[in-house]
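Hello,

Here is the structure I promised to pass on to you. My notes on the domains and the cores follow below it.

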Amino acid sequence: MILKHYIISATILCAAAGANLKAQTASPRGADSLAPTGHWSAYQAGSAQLPPMGWNSWNAFFTEIDEEKLLGSAQRILATGLAEKGYRFINIDDGWWLKRRSSDGRIIIRADKFPSARGRKGTPSFRPLTDKLHAMGLKAGIYSDLGRNSCSQAYSEGPAQLPEGSMAEREVGLYGHSDQDIRLYFVDWGFDAIKVDGCGIRAFAPDSERVLSGQFRAFPPLIDQHSLTRSDIPAVRALFWDINQSLAKYNPDGDYMLSLCIWGSANVRSWGKDVGSISRTSDDIAPEWGRMLTNFDSAVSRALYAHPGGWNDPDMLFIGKGDFDANHLTEARSHFTLWAMMNAPLFIGADLRTTPQALLDIFGNEELIALNQDAAGNQATIAFDTDGFQILVKTLANGDKAVALFNRGPSTVDAVLTADHLKFRTDRAVTLQDLWTGTKSNFTREMKLQVAPRETRVFRAKGDHLLADGLYLSEQPGVVNPAVDGVMEPQPDPNIYRSIPGWRGTRGIGERPMYAGWGGAMADATPYNQALVIAGQSFASGLGILANSRLEIRNQGFTRFTAKVGVDDSALDGNQTVRFFLYGDGKLIASTPPMRRGAPAQPLEVSIKEVAIIELVARADGVKGNAVPVTWGEAALRY
Ligand code: GLA
């Protein structure tokens, strides 16, 4: 009854809201970021419709990379069958360059380490190496920096494979040369991917030791990793945008991959998804359990920011060393499972020439690779959350769910997995297939499962969806893009595990969370990670976001959109009013009156037949103080 009544009032409201909207859209483009566009704005260029897979030299060799090591791992990728399973990229990280030639600014390769690069006329080229990799059916990736200098120049403790020559010759980064370098790397040398680091715009402040000592030219930092308010977000974004444009220009076939590496700084969570294929969410991973937790946490709550074409990157796999070596198979399997569930890029960081079979078997687990490479592109969302134990669930293209039970701590957990966690019906059987052992089992309503310390049990689950005729939006984050997420100033995410960083140990004051992300759009939680509640009514499913915001939703074949919307009870300001608008391909199809905290959830039910892009807008009437969390309760696409 309520629904029917509301549809009528929504129609009446449309007229008023439509008039209002005309005034807003009449303003120049960009002036009103909440105005509907009718478009999907997340990154689609490049070739990362699925999370990229491959190998990267950094974790195994740091700067001491050479051709033998690289080709050794490339050959093993083929010989072990990993290439056939999807591991295609062979990426060179820092350490490959010798200098920037003064006469013409061309980058010169460290040819003593890459013999095939030695040119006849003294100008080394990577073309023979990329030709070789391509002939092996592989893809080749290279590494550079946004600034003038690279990370190893900023942080390396020894001289190993650092650029040489005068100060100007050692300026090997993209700054001031991005078009020239991208052309060289992609057109002349034939690379297929580039990782662009950010140390050059972060670590060379005028008062930094290496600048004061005369080694490097000062670069007033655009990124300040210790103070979120001091990063120049538009400037950082503009530098990446230039690279994005050069890549498109020099790769007309669209076969390229851009990896952003600014470690979750400069609020990259909110815009990296529009600029590149993968985007790092934290500082470097280390082969330590605690550090893996930090990197995992930096990406796991950002499911809505990952889609086919652009993925969260919690850094490369460190399986093969330390806590993830062959003596720690439980930890190594957990690390792999978590990365697979998060749709993280799967870049092996081990020296494959010496990697034991037990670890190769982990990289080669086809069931887990299939979760990572599932066509629907839904990053797992958190179905159960505590500090020590989590349950992650991921909706797969065929309607199955993948579920991972992750024991972060040192004691065995007697867990209970429920049909509710899976958003499956509690009165129907659920079947599970263990993706490490192959064992099958089934349950109705709930099932007890023991999870050993640091173990992640992972299953493919089949069952009857809670919604018989559709899917909640929080079950399909891959079709949701927070185009405008309402975050005005980036705030550090306090939910990230604070590990002892390997590079600093316990020097200094310890870790303070510095990865911006707090307040972003969330699946099944408010932007500040509370349960979703409108006027006392709880929603197990829904999207939480701040007003003012605009969510883009891709629709493939659904005919109805339903939701119950309102200001979330967690809003600090009870007087702030918010109106909710729903657009189909740019046209207003429903809206609500202004709502305050405490106003009962307003049901919305509209036809979206033949609508390709739905936009959900929450518009606050002038946010005065605290941003207002709003809830799109039970928001769903239905048939
Ligand atoms: C940074 C990146 C690493 C690696 C190094 C190379 O630290 O985060 O992944 O590329 O630089 O110096």
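Buried area here is the accessible area (1.4 Å probe) that two parts lose on being put together, summed over both. This is a predicted model, in which local features need pLDDT of at least 70 and side-chain atom pairs count only at pLDDT 80 or more, while totals for chains, interfaces and linings use all residues. Residues are numbered from 1 along each chain as its sequence is written, and side-chain values use heavy atoms, with hydrogens and water left out.

The domain assignment (bounds from an automatic or database assignment) lists domain 1 (51-280), domain 2 (381-467) and domain 3 (472-638).

Let me start with domains 2 and 3. Between them, domain 2 and domain 3 bury about 800 Å², with 51% of that on carbon and sulfur atoms. On the domain 2 side, Thr 381, Lys 423 and Leu 467 lose the most area to domain 3, together 66% of what that side buries. Contact (heavy atoms within 4.5 Å) links nine residues of domain 2 with 12 residues of domain 3. The rule finds two salt bridges across this interface, a salt bridge being a side-chain nitrogen of Lys or Arg within 4 Å of a carboxyl oxygen of Asp or Glu. Lys 423 forms a salt bridge with Asp 524, and their closest N and O atoms are 2.9 Å apart.

Now the cores. A nonpolar core is a set of buried (under 20% relative accessible area, 1.4 Å probe, protein chains only) Ala, Val, Leu, Ile, Met, Phe, Trp, Tyr and Cys residues joined through side-chain atoms within 4.5 Å. The largest has 105 residues, and Trp 96 and Tyr 185 have the most contacts inside it. At least three residues come from each of domain 1 and domain 2.

Best wishes

Technical notes: Buried means under 20% relative accessible area, exposed over 50%, partly exposed in between (1.4 Å probe, protein chains only).
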